[in-house]
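Visitor: Hi! Could you walk me through this structure in plain words?
Guide: Happy to. Let's open it up.

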Amino acid sequence: MKTVLALLLILLSSSLGAAPLFTGNEARPADALVLFDGKGLTEWTYLDGKPANWRLEGDYMEVRGGNIRTKREFGDCQLHVEFRLPSMPNATGQAKANSGVYLQGRYEVQVLDSYGLQSQSNDCGGIYGVAAPLVNACRPPEQWQAYDIFFHAPRFEAGKQISKARMSVLQNGIWIQDNVEIPGETIASAGGDLASPGPILLQDHGNPIRYRNVWIRDLTAEKH
Amino acid sequence: MKGLVVVFGLAAMVTLSGGVAAEPLFLGAELTPRDAVVLFDGKDLSQWVKCGTDQPAGWKVENGYTQVVPGTGDICTKRSFSDCQLHIEFRVPLMPEARGQARGNSGVFFMGWTYEIQVLDSYGLQPGNGDCGAIYSITPPMVNAARPPEQWQTFDMVFHAPKFDDKGKKTANARITVLWNGVLIHDDAQIPSPTPDHSAAEPTGPGPIELQDHGYLVRYRNMWVRPL
């Protein structure tokens with residue numbers, strides 16, 4: 001009987017098909033978890049656990065009062081995030097519209113105004129201190145830009161690390177990081193057990209960076 | 001004198017490169033980066049030929065897209081590519097009575113007729129390795145990220161050609177990452193053999209991007225490629 005039921009279930013599921021990710025021409029797939037759509041910061045807190053209080057306006061949030069992190073934690077994932085840098089024509093280097101997007105709170109993709117520069121690993125699109133972007137795919141300041149990040153958490157077996165974290169990144173649709181192995185946590189990591197999931201973290205580095213349209217897809221169940 | 005020329009040459013190089021400057025890929029909010037080779041911008045098929053010939057591509061161009069003219073054959077880029085990032089937009093027709101491979105079939109190939117990403121109306125199906133987004137007959141997409149037929153859809157693909165040693169022995173498989181409508185469906189996936197004919201020899205040099213005429217009225221638009 002149990003077998004018959006199982007067979008019936010299999011037959012049913014194969015005839016039912018897959019729930020579509022899109023019903024028309026919308027941009028965000030239905031299996032995405034929305035982290036920020038302009039309506040509020042309910043998915044976010046400051047690092048001390050207090051409610052996130054970044055400035056909200058229109059469809060964006062702007063850095064205010066410290067780093068924020070998602071309440072939820074993630075392993076392998078696809079992350080979409082859009083950001084906009086202020087124009088700071090007199091600032092240079094790391095002082096020019098600095099922020100960052102951290103995967104698991106530990107691995108940073110740098111956010112910075114690096115427009116027109118030969119990018120280093122601490123420039124925009126760099127995996128901070130680890131890998132410069134393949135090309136400088138920045139838009140000018142005050143333009144909205146996008147990261148699409150495919151992240152693989154490090155793997156552990158019986159307490160031993162068997163693989164490192166890996167990441168691919170598109171900036172504004174351009175391939176800038178090609179499945180790069182990340183030897184360890186990047187600078188200013190929020191820490192924690194590397195074998196455990198971690199939050200998405202957005203950095204307050206003292207500059208008024210804006211973020212919008214942040215969503216994530218859990219890839220932990222996918223085959224790799 | 002020669003020394004002086006060298007010094008001036010070096011100075012000029014340093015000045016020209018600015019030491020730290022890079023040519024921007026974007027000037028504002030535009031979507032196509034400036035280092036892209038535009039394969040089709042809606043105007044004509046001047047970058048394409050009928051595959052295996054030097055005859056003009058036989059597909060029709062109208063309203064900013066090109067559409068398969070059944071029987072005119074696959075079309076191939078004039079230029080050849082190996083490692084590259086390819087952006088392509090496609091639209092499959094509504095064929096509600098058709099099933100399986102008969103439902104708006106086409107395909108995008110790398111390195112000539114070698115490595116295929118399937119184009120098909122697979123909307124709502126549990127995707128198999130013959131469905132839209134599959135590395136044809138090898139790997140199904142991680143998820144079915146189809147839009148309904150008659151909607152424009154996108155593929156953003158990063159392809160790495162297989163590598164060979166001096167003796168022609170393969171040392172690394174071809175690899176591909178694919179976003180379908182912005183959703184990751186292949187993540188640096190290995191392609192162990194050519195997709196249409198698994199026993200075929202693999203190309204050791206670059207080849208064209210190829211779009212398949214499978215007899216269905218599939219449309220393509222806004223295609224560009226960045227050699228990597």
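**A hairpin to begin with**

Guide: S12(A) and S13(A) make a hairpin with two residues between them, and A:Asn172 in the turn has a positive phi of about 55 degrees. Strands here are DSSP runs of E with at least two residues, numbered from the N terminus. This is a predicted model, where local features need pLDDT of at least 70, side-chain atom pairs count only at pLDDT 80 or more, and totals for chains, interfaces and linings use all residues. Residues are numbered from 1 along each chain as its sequence is written, while chains are lettered from A and ligands numbered from 1 in the order in which they are written.

Visitor: How many bridges join S12 to S13?
Guide: Six, and the two strands run antiparallel. Strands pair if DSSP finds at least two bridges between them. A:Met167, for instance, has A:Val180 in S13(A) as its bridge partner.

Visitor: New topic: what order do the strands of the open sheet take?
Guide: In chain A it is S2-S5-S14-S7-S8, with antiparallel pairing. S2 (44-46) and S8 (107-111) stand at the edges with a single partner strand each, so one side of each has no neighbour in the sheet.

Visitor: Which residue in S8(A) is the bridge partner of A:Tyr102?
Guide: That's A:Glu108. S7(A) and S8(A) pair over five bridges.

Visitor: And A:Arg210, buried or exposed?
Guide: Buried, because 21 other C-beta atoms lie within 10 Å; the cut-off for buried is 20 or more, with exposed at 12 or fewer, partly exposed in between, and C-beta atoms placed from the backbone. A:Arg210 is 150 residues from A:Tyr60 in sequence, yet their C-alpha atoms are 6.3 Å apart.

Methods
Helix = DSSP H or I, 4+ residues; strand = E, 2+ residues; numbered from the N terminus.
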